[in-house]
Amino acid sequence: MKVNTDGVLLAAWMNVAASDSYVLEIGTGCGVMAIMAAQRICGLKKAPLPYQAETRVDAVEIDTFAAMDAEYNFRRVEGEFGEDIKLNIINLPANDYAAVCGTKYDLIFSNPPFFSNSLKNRDPYKTLARHNGTLTQSDIIRISLMLLVQGGRLALILPVEEAERFKKKIEFLQRAAKEGDNFLALSRECHIKTTPNKEPKRLLLEFVYLPCGSALPVAEEDILTIHNENGEYSDKYKSLTGDFYLNF
């Protein structure tokens, strides 16, 4: 599978912190987004801040061949991050991993499969990556509620309609929460437009995991346009992703 713009956008946009001890990517593919997360956290750890613990970036991937690619890529780059950051591939379905996982994560992120009823590709590996038969929106929400620490974040990129559906599910769970239940709340969103005159095609979302009784945050909203009218990459896009593209 080729590296796509969606994954680069998510990994560059989501909030990371030098204090993040455990980070989880659901559906890593060849591992590029996990590596980008490690690169960003590594940069923050180099700042003159108080002692920062080691960070472990776990990357779950259901497909064995993709997991092998990710493992190879992790071993190629891991030395660049020193001893403070470890990359770890987990070749399991995300639901199976969540059922046996004993770790609580500061950040969970995913560029999840989102096709539901569309025609499947003849290539079974592309079908697995693109169709949500093995990983639904409800799965992602349930896994996040199980594995996030209080104050932890969930970051996603989805087509606009799918993103609105996801937000409605989160809002329903907020209303249904009982006393003592923690919940997810939208904290940031960014509408992605390919050109200035087109409607947004993707939505970047970030949620925070809050304890029962917390006030809902006021979500930050933004718009990012990838290309200017002349077809060149916009300054805002280059500023966001410039650390990851050789031609910027």
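Is the crossing of H1 and H2 right-handed or left-handed? I looked it up, and the crossing of H1 and H2 is right-handed. A crossing counts as left-handed if the near helix is turned anticlockwise from the far one by less than a right angle, and as right-handed if clockwise.

**Entry 1: ground rules**

I am working on a predicted model, where local features need pLDDT of at least 70, side-chain atom pairs count only at pLDDT 80 or more, and totals for chains, interfaces and linings use all residues. Residues are numbered from 1 along each chain as its sequence is written, and side-chain values use heavy atoms, with hydrogens and water left out.

**Entry 2: overview**

I found eight helices and eight strands in the protein. Helices (H or I, at least four residues) and strands (E, at least two) are DSSP runs, numbered from the N terminus. Of the 248 residues in the protein, 44% are buried. Buried means under 20% relative accessible area, exposed over 50%, and partly exposed in between (1.4 Å probe, protein chains only). I then looked at contacts, meaning heavy atoms within 4.5 Å. Among contacts between residues at least 6 apart in sequence, 75% join residues at least 24 apart.

**Entry 3: H1 against H2**

Two packed helices are described by the angle between their axes and the distance between the axes. Helix H1 covers residues 5-13 and helix H2 residues 32-45; they pack at about 25°, with axes 9 Å apart. That angle makes H1 roughly parallel to H2. Under 35 degrees counts as roughly parallel, over 145 as roughly antiparallel, 65 to 115 as roughly perpendicular and the rest as oblique. The axes are lines fitted to C-alpha atoms, for helices over the stretch in contact, and angles run from 0 to 180 degrees between N-to-C directions.

From H1, the contact uses Gly7, Val8, Leu10, Ala11, Ala12 and Trp13; from H2, it uses Met33, Met36 and Arg40. I sorted the contact of H1 with H2 by class and got seven nonpolar, one polar and one charged residues. Here Ala, Val, Leu, Ile, Met, Phe, Trp, Tyr, Cys and Pro count as nonpolar, Asp, Glu, Lys and Arg as charged, and the others, Gly among them, as polar.

**Entry 4: H6 against H7**

Helix H6 (residues 137-147) and helix H7 (residues 160-176) have axes that come within 10 Å and cross at roughly 45°. H6 is therefore oblique to H7. The crossing of H6 past H7 is right-handed. On the H6 side I list Gln137, Ser138, Ile140, Ile141 and Leu145, which meet Glu162, Arg165, Phe166, Lys169, Ile170 and Leu173 in H7. By class, this contact has six nonpolar, two polar and three charged residues.

**Entry 5: Asp139**

Asp139 is in helix H6. I count Asp139 as buried because its relative accessibility is 15%. Leaving out residues up to four places away in sequence, Asp139 touches Asn95 and Thr134. Asp139 and Asn95 are 44 residues apart in sequence, yet 7.1 Å apart in space, C-alpha to C-alpha.

**Entry 6: His227**

Where is His227? I find His227 in the loop between strand S8 (220-225) and helix H8 (235-241). Its relative accessible area is 25%, so His227 is partly exposed. With residues up to four places away not counted, His227 touches Thr194, Thr195, Pro196, Glu232, Tyr233 and Ser234. His227 and Thr194 are 33 residues apart in sequence and 5.8 Å apart in space, C-alpha to C-alpha.

**Entry 7: cysteines**

I looked for disulfides, each a pair of cysteine sulfur atoms within 2.5 Å, and the count is zero. Cys101 is buried at 16% relative accessible area, whereas Cys212, at 39%, is partly exposed.
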